[in-house]
Amino acid sequence: MPPSVSSWVVFMPLWLTLPVVKITPQSVISLEPPWTTFFQGETVTLSCYGYGFNLPQKTKWYMNEKLKRIQGHTFMVHESGVYKCQADNLLLSIPVILNFYKDSLVLQAPPAIFEGDSVVLRCHTKESVNQKTLKFHKNGVILRSSGQVSNLYIYHKNLRNNDEYHCTGKNAWLSVSSNKVKIQVQDGSPVTLTCHTRLSAQRSGDQIQFCFIRNLQAQRLGCSNSSEFHIPAIWTEDFMWYQCTAETMNAQVRKRSLPLKIPVQRAFADFQIHIVPISKLVFEGQLLLLNCSVKGVPGPIKFSWYKRGKMNKETKIPKSSEAEFKISAVNSSDSGDYYCEVSNSRRSFVSQAVPITIKVPVSQPVLTLSTGKTWALEGDLMTLHCKSLKGSPHIQYEFYYEDVFLEINSVLSGGGASFNFSMTTERSGNYYCTADNGLGAQRSEAVRISVAVPVSCPVLTLGVPGSQAAVGDIVDLYCEALGGSPPILYHFYHQNVTLGSSLAPSGGRGSFNFSVTAEDSGNFFCEADNGWGPQRSDMLALSVIDMSKSRSVPVAAGVTGGLLVVAGVAAGVLFHCWFSRKAGGKPAFDDSRNPSYSEPQEPTYYNIPTCIELQPAYSSDPKEEVIYTQVWSTQQRCKQAVQKFESPRPRCQMAK
């Protein structure tokens with residue numbers, strides 16, 4: 001009997017493990033600034049994060065579906081295109097479309113708009129566009145004039161699909177228009193489901209088909225050989241159970257996963273910004289504290305703070321990734337509109353801007369004159385300008401003359417204030433101004449303004465009598481203008497040749513002296529000038545005598561005259577004696593006995609000295625002899641002559 005053969009069946013373990021449905025994390029792109037349209041030449045920074053804003057170790061960047069670079073998690077972009085990123089081994093991010101325009105006006109919008117969002121559209125302009133001319137349009141209809149406000153806030157209840165917006169403005173006299181933005185409200189957030197299972201090593205080559213089911217077989221979503229299923233958008237009403245099945249192609253083996261319930265939250269950002277101080281009015285040097293809180297945004301979330309300053313320029317505040325933002329001591333440059341941005345792994349939310357005003361006390365104002373000079377002619381139009389280089393608007397300026405109030409002027413911005421008046425002699429004096437913005441008035445330094453009077457015709461005088469001088473004399477020339485504002489500069493001339501000048505800082509006369517030479521005879525004049533036109537005096541003649549050439553004339557005349565007098569007297573005596581003898585034969589002096597005799601009268605002499613004393617003719621030459629003349633006279637006549645001729649040496653006079 002043949003041996004019996006026992007048989008057995010070996011049951012192998014299941015070669016297909018139970019599948020598991022998982023939600024695969026997706027990479028996230030954030031933008032800074034948070035817009036998708038820019039001017040050419042501007043730059044936007046893209047950042048790639050993993051789930052929960054974890055920084056990846058490795059990042060891939062794609063532009064227009066082509067791998068652009070593999071390195072850091074940030075990417076500086078200045079070209080139009082479609083951008084994606086992949087953080088580590090996560091799924092690719094949702095694409096971001098960026099546009100860079102050459103125009104002078106662009107309308108900026110956030111990268112994504114979801115149901116329930118309130119949206120801020122920004123009309124971004126270049127400096128050439130007048131801010132006051134900005135207007136927003138919806139579906140071709142003007143909404144309003146912005147009036148220097150470049151943002152349009154759209155409340156979430158007013159958002160409608162396919163609404164089209166753009167803005168317009170004026171560049172000089174030319175109207176310009178921005179790009180158009182079409183509102184597309186996304187239907188929830190995208191989700192990717194992954195069905196994980198494990199094949200036995202012996203059956204690793206078998207093909208598996210994956211099917212995804214919603215609401216426990218109530219709805220079959222689809223089957224394929226891919227273990228992933230992408231849901232473009234999921235809403236709160238999609239808060240359901242999801243399962244997947246893995247089966248062989250012949251459907252002989254099938255496994256079903258355990259159900260997975262996906263929590264769905266409707267994202268609606270409810271922002272609250274708390275400010276210290278509460279008044280939003282902060283004085284220079286004070287503490288400014290901003291705190292951003294938000295409700296309705298699923299975490300984890302990330303905060304960023306932005307400031308919009310002059311010309312609507314937006315800047316991200318560095319190191320402001322916390323809900324609280326603080327400036328320990330503010331200054332004038334910190335004024336502006338502040339808002340916070342909250343981002344989670346899917347999207348970003350922006351709060352409304354909070355205006356912060358920094359109040360700065362005025363600095364000491366500076367008073368200046370439009371002419372730059374502190375004097376003017378009577379009737380000139382004067383403009384005083386008062387300006388504080390530091391201080392918050394609005395600033396009130398006041399003008400004063402010698403503590404008398406003149407005018408008040410208020411300005412809403414920098415630039416200072418001006419005051420105009422016509423200059424008169426009565427308004428010469430000190431002027432000053434004050435500046436006040438409610439934090440304490442400041443007073444400028446005083447500026448003295450004088451009325452300038454042109455010089456009158458000057459008068460030239462000589463410091464010698466009779467307008468004559470001898471060679472070697474020191475002659476003083478005096479020039480004086482009786483009218484004219486100081487300082488006055490005097491110039492002295494001889495025969496149109498400049499002799500010298502003299503400055504009278506406070507007015508009055510100027511002088512010039514010189515030692516006279518024989519060549520200095522002639523006409524002299526002077527000029528006076530105080531900057532308003534020179535004036536010239538009348539000419540004055542000066543006679544100069546050279547004593548070395550003229551002293552022999554009076555000496556010879558004196559000697560000759562003396563001799564003639566003596567001869568004349570002798571001749572007269574002799575003639576008298578001869579005549580007496582012929583008449584009576586008696587001497588001339590013996591007639592005293594004649595009754596009819598009378599004392600003869602003394603003859604009268606003209607233009608001769610009559611003193612018995614010796615009168616020397618002086619000479620400046622010590623070697624020259626002194627010549628004396630002698631004249632007989634009575635004692636009384638001698639005294640009178642001495643009194644008459646005892647005077648200083650006479651000067652020679654010349655006709656003017």
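Guide: Buried means under 20% relative accessible area. Keep that cut-off in hand; this is a predicted model.

Visitor: Is C195 buried or exposed?

Guide: C195 has 3% relative accessibility, so C195 counts as buried. C244 has 0% and therefore counts as buried too.

Visitor: How do I read a disulfide? What is the distance between the sulfur atoms of C195 and C244?

Guide: Look for a pair of cysteine sulfur atoms within 2.5 Å. The sulfur atoms of C195 and C244 are 2.1 Å apart, and the two form a disulfide. The torsion about the S-S bond is 65°, a right-handed link. This pair joins distant parts of the chain: C195 lies in strand 20, C244 in strand 24, 49 residues apart.

Visitor: How many disulfides are there by this rule?

Guide: Seven. Another of them joins C386 to C433, with sulfur atoms 2.0 Å apart. Its S-S torsion is 75°, again right-handed.

Visitor: How do I read the faces of a strand? Which residues of strand 32 are covered, and which uncovered?

Guide: In a regular strand, side chains alternate between the two faces of the sheet. In strand 32, residues 324-327, F325 and I327 make up the covered face. E324 and K326 make up the uncovered one.

Visitor: In what sense do strand 29 and strand 32 pair?

Guide: Antiparallel, over four bridges. In strand 32, K326 is the bridge partner of L289.

Notes: Residues numbered from 1 in each chain as written. Predicted model: local features only at pLDDT ≥ 70, side-chain atom pairs only at ≥ 80, totals over all residues. Heavy atoms only, no water. Buried < 20%, exposed > 50% of the residue type's maximum accessible area, 1.4 Å probe, protein only. Helix = DSSP H or I, 4+ residues; strand = E, 2+ residues; numbered from the N terminus. Pairing = 2+ DSSP bridges.
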